[in-house]
Number of protein chains: 4
Amino acid sequence: MEGSPYQPPRGAFEDDVHLFAVSVYFEDTDLSGIVYHANYLRYFERARSDMLRALGIDQRAAIESGLGAYAVTEMDIKWKRPARLDDDLLVISRVETVRAASCSIHQRVMRGDELLAEARVIAALLSPEGRPRRQPVEWIEKFNAVLGKGV
Amino acid sequence: MEGSPYQPPRGAFEDDVHLFAVSVYFEDTDLSGIVYHANYLRYFERARSDMLRALGIDQRAAIESGLGAYAVTEMDIKWKRPARLDDDLLVISRVETVRAASCSIHQRVMRGDELLAEARVIAALLSPEGRPRRQPVEWIEKFNAVLGKGV
Amino acid sequence: MEGSPYQPPRGAFEDDVHLFAVSVYFEDTDLSGIVYHANYLRYFERARSDMLRALGIDQRAAIESGLGAYAVTEMDIKWKRPARLDDDLLVISRVETVRAASCSIHQRVMRGDELLAEARVIAALLSPEGRPRRQPVEWIEKFNAVLGKGV
Amino acid sequence: MEGSPYQPPRGAFEDDVHLFAVSVYFEDTDLSGIVYHANYLRYFERARSDMLRALGIDQRAAIESGLGAYAVTEMDIKWKRPARLDDDLLVISRVETVRAASCSIHQRVMRGDELLAEARVIAALLSPEGRPRRQPVEWIEKFNAVLGKGV
């Protein structure tokens, strides 16, 4: 089933994993003919942003109200297989741990059944001055709700 | 209506215009808080690539078979209003002229009724050696089919 | 003559033109094997930022003090020849017109004597709220000083 | 000491570490006002490419001759402190291990004495078909030469 052309790409949760589809464009590739390694981080980030939206966490409102924004503080990535122009990819994200001021998220980029890349990401909430700050209780509850859905 | 989370973003033609939805992510913005000007060119290119796909023109097959690829040779852009994080944008593309070796395309980025940016783009088909080459007759027919749908 | 490895790339004025050297990396290329068209806008912007620095205009201080930032409002670009990995490029920028709230700048990307791309760019000073604002008198004087150096 | 405006940025070895200077531009930042996390991977890659050049390894010739190209297969990164517009950064790279088909490289992004980010990177030589291949003996010797210079 296709979305409307007026409808921007949106992912969704299925049980405890968040699914987000990505298509590969010229901008993503490099002269090796495959997706440039750093661009997987952009795919991962789009998927995390979409996941926050799906959870009801409004990043833009958080920034504009002075609450702050998530920043990636650690990432451990493995690139397994290359993605190519026009490939349809799926980013699968799972919240693994929720701490007071940060979350740990496992993310994979799949092409059908093939694992192309995977990462473990730590994202910390930072105040506008760049200091770590506690995540709002409602946000932690939202994360825990999807943690709880796991099998 | 939402698309499936397994379904990557796809646009579609409505009469002679092609519609392609884009969402704004962190990667697109700069420290002014708005989308970095050069990133509109990425939105335009995604929309053109999707338009080719909607027309049945397979860019990847064309590259792999040695036919060549489209390259942008001219662009005239105006940025009117800024886009911001989480904005849902719509790229509206219209093929204006089809020549032997190139096309002229008019593209706009809209946020609802607001025009954020518009461009006139010349894309030329280049051989793998970088020389202009005639577009396949079937491709020209496909372009003419949507040209003919205009009002 | 080489710069120090501790010294980030800096351009300089020669008479009325500003020169800024750029090297092509993997990140700049796409699967066609050449520099992705939108990335020339990044080269142009680095060169303009360096030009402002060479003129003694501190963009970061202007943003942090609430004065505002330049935004590109119009661009007319032609891509003539492709750039490739490891190419050494030179961006040549010339301020053409200075108005109350904007400047017009002509920019070229050269590889030796070959013209690879050229653009005419309008950059307008915008307040933090995104409204056009008059450029400080000292800035206009700085621009006029290099305008006056032309032949 | 400044380099010539005609001279693109080049790093250099000092004993066993390779130094490469980077300046932060608008394109590098996001709406948080700091450098977008994925862009550090671009800095790291520019530094590695420059390191290969300093060692006398010609990546473009290797690609064009059909030998292949390095691909990043693993990366473990920590972001410690944010970089901002106009910051002058130094990427410090050290080859840690050289295997038959890959190298392990430690990289840091510094602003003066401050560590902003660090990464451990595995880069593997891949054939044009994407298969791991042994690095040429002369390349391994070049890597070992800088390994041997360590203290």
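These exercises walk through a predicted model, each with a worked solution.

Residues are numbered from 1 along each chain as its sequence is written, while chains are lettered from A and ligands numbered from 1 in the order in which they are written. Because the model is predicted, local features need pLDDT of at least 70 and side-chain atom pairs count only at pLDDT 80 or more, whereas totals for chains, interfaces and linings use all residues.

**Exercise 1. Read the build of chain A**

List the elements of chain A in order from the N terminus.

Solution. Start with the count: chain A has 3 helices and 6 strands. Helices (H or I, at least four residues) and strands (E, at least two) are DSSP runs, numbered from the N terminus. Now put them in order: β-β-α-α-β-β-β-β-α.

**Exercise 2. Follow strands 4, 5 and 6 of chain A**

Work out how strand 5 of chain A pairs with strand 4 and with strand 6.

Solution. Two strands pair if DSSP finds at least two bridges between them. First pair: strand 4 (residues 88-98) and strand 5 (residues 102-111) of chain A are antiparallel, with 8 bridges. Leu90(A) has Met110(A) in strand 5 as its bridge partner. A hairpin of 3 residues links strand 4 to strand 5 in chain A.

The hairpin between strands 5 and 6 of chain A has 2 residues, and Gly112(A) in the turn shows a positive phi of about 60°.

**Exercise 3. Describe the contact of chains B and C**

Find which elements of chain C supply the side that touches chain B.

Solution. Count first: 19 residues of chain C are in contact with 19 residues of chain B. Contact requires C-beta atoms, placed from the backbone, within 7 Å. On that side of chain C, helix 1 (39-55) and strand 3 (69-79) each supply at least two residues. Strand 3 of chain C gives the most, with 10 residues.

Now look across the boundary. Strand 3 (residues 69-79) of chain B runs antiparallel to strand 3 of chain C, and 5 bridges join them. Lys78(B) stands opposite Glu74(C) in strand 3 of chain C.

**Exercise 4. Examine helix 1 of chain C**

Check the span of helix 1 of chain C against the expected one.

Solution. The expected span is 1.5 Å times one less than the number of residues. Helix 1 of chain C has 17 residues; from first C-alpha to last it reaches 25 Å, close to the expected 24 Å. Is helix 1 of chain C mostly covered or uncovered? Mostly covered, with 14 of its 17 residues buried. Just after helix 1, Gly56(C) takes a positive phi of about 90°.

Terms used. Two residues are in contact if their C-beta atoms, placed from the backbone, lie within 7 Å. A residue is buried if 20 or more other C-beta atoms lie within 10 Å of its own, exposed if 12 or fewer, and partly exposed in between; C-beta atoms are placed from the backbone.
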